[in-house]
Amino acid sequence: MHLQENVKTNELVKMIDHGGNILALRSDATIPITKRLLQESHELTNERRYFYVLDVFRYTKDSTRPQENTQAGVECFGANGFETDTEVIALSMHTLQDLQCASFTLEVGHAGFFQRCMEALDLDVEQQCTFKQLLQTKNIGELKHYITQTEGTDDWKQLIESIPLLYGNPPEIIQLVRNKIDDPIIHKQMDHLEKIYQLLSAYHLAEHMVIDLSLMNHMDYYSDIIFQGFIHNVGKPVLMGGRYNELTKQFGTLMPAIGFACDIDAIVASKEDKESSVPSLDVCIVQNDVCTNESLSLSTFLRESGWKTRVIQKKHINIPAQIICHITRNEDQITYHLTTHKKTFNCTRKNEVEAYVQSLLSKET
Amino acid sequence: MQQLTLALAKGRTAKESLQILQQANIRFPDFHPDSRKLIFEDETKKIRMLYVKAVDVTTYVEAGAADIGIVGRDNILESGANIYEMLDLQIGTCAFIVAGMSPKPIHTYSSIKVASKYPNVASAYFDQHNIPVETITLNGSVELAPLIHMADVVVDIVETGTTIKENGLTILERLDSISTRLIVNKASFATKTACIQQLITAIDHVLPKEGK
C-alpha cells in the first residue's frame, strides 16, 4: 500500500473488523478510482473520463469541517497537455456558473513550482515542512527571515521571498516570475500557465482565473497544475483539483491524470437560505427613475403572459432570476437589455422581450 | 465596494491594534472598550468589526464569519487554523517559554507533566523533542501548577518574565517569539482580493519599518 505517502494516517477514520484487521473508511475518491483503473488496465488505448458523487470521511483539526463530506468530482485519465488542463478547469468553472454562483474565483497554481524552489534552496525534509507552512500562510515577514538562513543564490532568494505576493492577474504574475528568474523549468511552468489562461479566454472564462503560486493542496499527490474554486460568502474552497501524474506512478504505471472534486455540503449550505425564502423568478426588472412607467408596464405585460416577474429597486441586485432586464432611455428611444448568466440580448419592444423570454424559458414550463 | 468583516481580539493588544487602524484611517466612532456592543462599523461603513475573545478570533476567520482578524500569534499557533497570516503588526511582542521550579534542563526528563493555556503548543514542543508529555489545560495563573506540584513545568507566554521569576520559577527554554498578526480567510482573499489587499497595504504603510 502506498496510501501513507498521500494521506495523513491520523486523519483516517478507522475501524477494526471481526478478524482484528484495521479498516479505514474512504478518505478521498481520486486514489481508489486511480487504483481501480490501473488494476484493470496498464495501458489505455483511449482517454477515460469518469465522474462520481461519493461520501468521504476524514478527521480534521478544523472544527467547522464535518468528518463526513459529500464530494462530486471528475477524473480524466490518459490525456496530458494544457488543452486537457484547460478543459477540466473550464468544466469546474461551468459547474459554478450552472449553480448560479454570483461571483467566483479560481486560484490556479503549480505544484512543480514550489518543488523547484525547494530544490534551489536545497532544503531537507524538516525544512520543507517549515517552508510549506510559511507559504501556505502567506507569512511574508517570516518567510523573508527564513530564506536568509538557507543556501541558494540571490536571484532564487528574491523570487522565493516574493512567492506570497505572486497572486493575481495571470499575465502580470507570469511576466513577473519570468523577469525574476532565468530557470528553464520555471519558464516552462509559466508557459504552461500562460497557455491555459489564453485558452480560457476562448471559453470566455479567463476573468475568473487568478494565479496563486503559493497554492498547495492538502493532498500531496499533485504534480503539475493545481486549482481551488471560491464562491462568495463561503469561507473555504468549494472545489479543488489538479493534475496528478505522479500518483499513477506510485501504482506502477505512469499515466497522465487530472481531476477535481466539489464540496457539495459547502455549496448546498451556501444556497439553502436563499432558495427557501425567495421563489425563483423568470424575469427580474431593475427599475430606475427615468423608466418607471416602462418597468411597470413591462412587468404587467410579462405577468399576463404567465412569467414570474418582479420589479426591483436598483439597490437590491442579488435577486435570483433567470433573466435580468435593465431599461435605458435615449431621448424617446427605450431599449430593453436582457441578461442571463450566459448571454445578453437587447431589443426595443415589449413583445420582443416576451418572445425572447419565451424562447429561453419555454422548455421548463 | 464590498464590506469587510474584521474580528479584533479583546484584551491587552486591542488598544494598540485600534491605534494602528486609526493611523491607517480606519476609525470606529462608536467603539469604547467598556461598551457591551459586539459589532461596530467604521466611519465609511466599509469595515464591520467584531470585538471578540482572543482565542475565538481564528475560529471566526477560519470559518469565514470574519474576512480578516487581528490576534496574537500564540492563539494562531494554538488553534492550528488554516488561514493566511499576512502582516506582523509588531505589537504585543512576547515569547513562548518553558519554565519550571528546578533549573533541571528539559532534555533530562524521561517524561514530563506540563500545565498550560496552550496545550497544543505545549504537547507539540515536547513531541518534537521526543519527551513523553502529559498536558494539563489551565485557563489562568499557570505558574501555580509547579508550585503545588501539579505539574513539572509550564508553557506560557511572557513579555518580561517578571511574573515567572516572582513565583520562583526558572525559564528553561525560549520557544517561538510572538506578536500580534493580521490574519485573512483564504476564501475571502480570493473573492475580495482588491478590498483586502488595499487594507493590508494601508496598514503595512503605517507600520514601523526595519532599518534599511
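This section describes the predicted model of a complex of chains A and B, from overall confidence and dimensions to individual elements.

For the complex, the predictor reports an ipTM of 0.78 and a pTM of 0.75. Chain A has a mean pLDDT of 85, with 93% of its residues at 70 or more. Chain B averages 90, and 98% of its residues score at least 70. Within chain A, the mean confidence is highest in β7(A), at 94, and lowest in helix α1 (residues 3-6), at 46. Residues 1-5 of chain A have a pLDDT below 50, and beyond near neighbours in sequence this stretch has four contacts in the model. Where pLDDT is low, the predicted coordinates should not be read in detail.

Chain A contains 13 helices and 15 strands. Its C-alpha atoms fill a box of roughly 75 × 60 × 45 Å along the principal axes. Of the 365 residues of chain A, 33% are buried. Contacts between residues at least 6 apart in the sequence of chain A join residues at least 24 apart in 64% of cases. Chain B has eight helices and eleven strands, and its C-alpha atoms occupy a box of roughly 60 × 40 × 35 Å, again along the principal axes. In chain B, which has 212 residues, the buried share is 40%. The corresponding share of contacts joining residues at least 24 apart, among those at least 6 apart in sequence, is 67% in chain B.

The contact between the chains involves 18 residues of chain A and 15 residues of chain B. On the side of chain A, the elements that give two or more residues are β5 (104-110) and α6 (140-148). By class, this side of chain A comprises four nonpolar, nine polar and five charged residues.

Chain B is assigned two domains, with domain 1 covering 4-92 + 179-206 and domain 2 covering 94-177. The centres of domain 1 and domain 2 of chain B, taken over C-alpha atoms, are separated by 29 Å. Five residues of domain 1 of chain B are in contact with seven residues of domain 2 of chain B. The domain 1 side of this contact consists of one nonpolar, two polar and two charged residues.

The largest nonpolar core has 100 residues, of which A:Ile211, B:Leu6, B:Val61, B:Ile68 and B:Ile183 touch the most other members. Helix α9 (residues 184-202) of chain A gives the most to this core, with six residues. Leaving aside residues up to four places away in sequence, A:Ile211 touches A:Val108, A:Gly109, A:Leu166, A:Tyr167, A:Gly168, A:Pro170, A:Ile173, A:Ile174 and A:Leu193. A second, separate core of 21 residues includes B:Val98, B:Tyr125, B:Val154 and B:Leu169. In soluble globular proteins, nonpolar side chains tend to be buried together.

An α-helix has 3.6 residues a turn, so residues three or four places apart point the same way.

In chain B, helix α2 (residues 54-63) is mostly covered, with seven of its ten residues buried. These are B:Ala54, B:Val57, B:Thr58, B:Thr59, B:Tyr60, B:Val61 and B:Glu62. The buried residues of α2(B) pack against β1 (4-9), β3 (47-52), β4 (68-72), α3 (73-79) and β11 (180-184) of chain B. Just after α2(B), B:Gly64 adopts a positive phi of about 85°.

A:Glu331 lies in the loop between β13 (321-330) and β14 (333-339) of chain A. A:Glu331 is classed as exposed because 5 other C-beta atoms lie within 10 Å, the limit for exposure being 12 or fewer. Between A:Glu331 and A:Gln250 there are 81 residues of sequence separation and a C-alpha to C-alpha distance of 69 Å.

Notes. Residues are numbered from 1 along each chain as its sequence is written. Chains are lettered from A and ligands numbered from 1 in the order in which they are written. This is a predicted model: local features need pLDDT of at least 70, side-chain atom pairs count only at pLDDT 80 or more; totals for chains, interfaces and linings use all residues. Helices (H or I, at least four residues) and strands (E, at least two) are DSSP runs, numbered from the N terminus. A residue is buried if 20 or more other C-beta atoms lie within 10 Å of its own, exposed if 12 or fewer, and partly exposed in between; C-beta atoms are placed from the backbone. Two residues are in contact if their C-beta atoms, placed from the backbone, lie within 7 Å. pLDDT is the predictor's confidence in each residue, from 0 to 100. Ala, Val, Leu, Ile, Met, Phe, Trp, Tyr, Cys and Pro count as nonpolar, Asp, Glu, Lys and Arg as charged, and the others, Gly among them, as polar. Domain bounds come from an automatic or database domain assignment. A nonpolar core is a set of buried Ala, Val, Leu, Ile, Met, Phe, Trp, Tyr and Cys residues joined through C-beta atoms within 7 Å.
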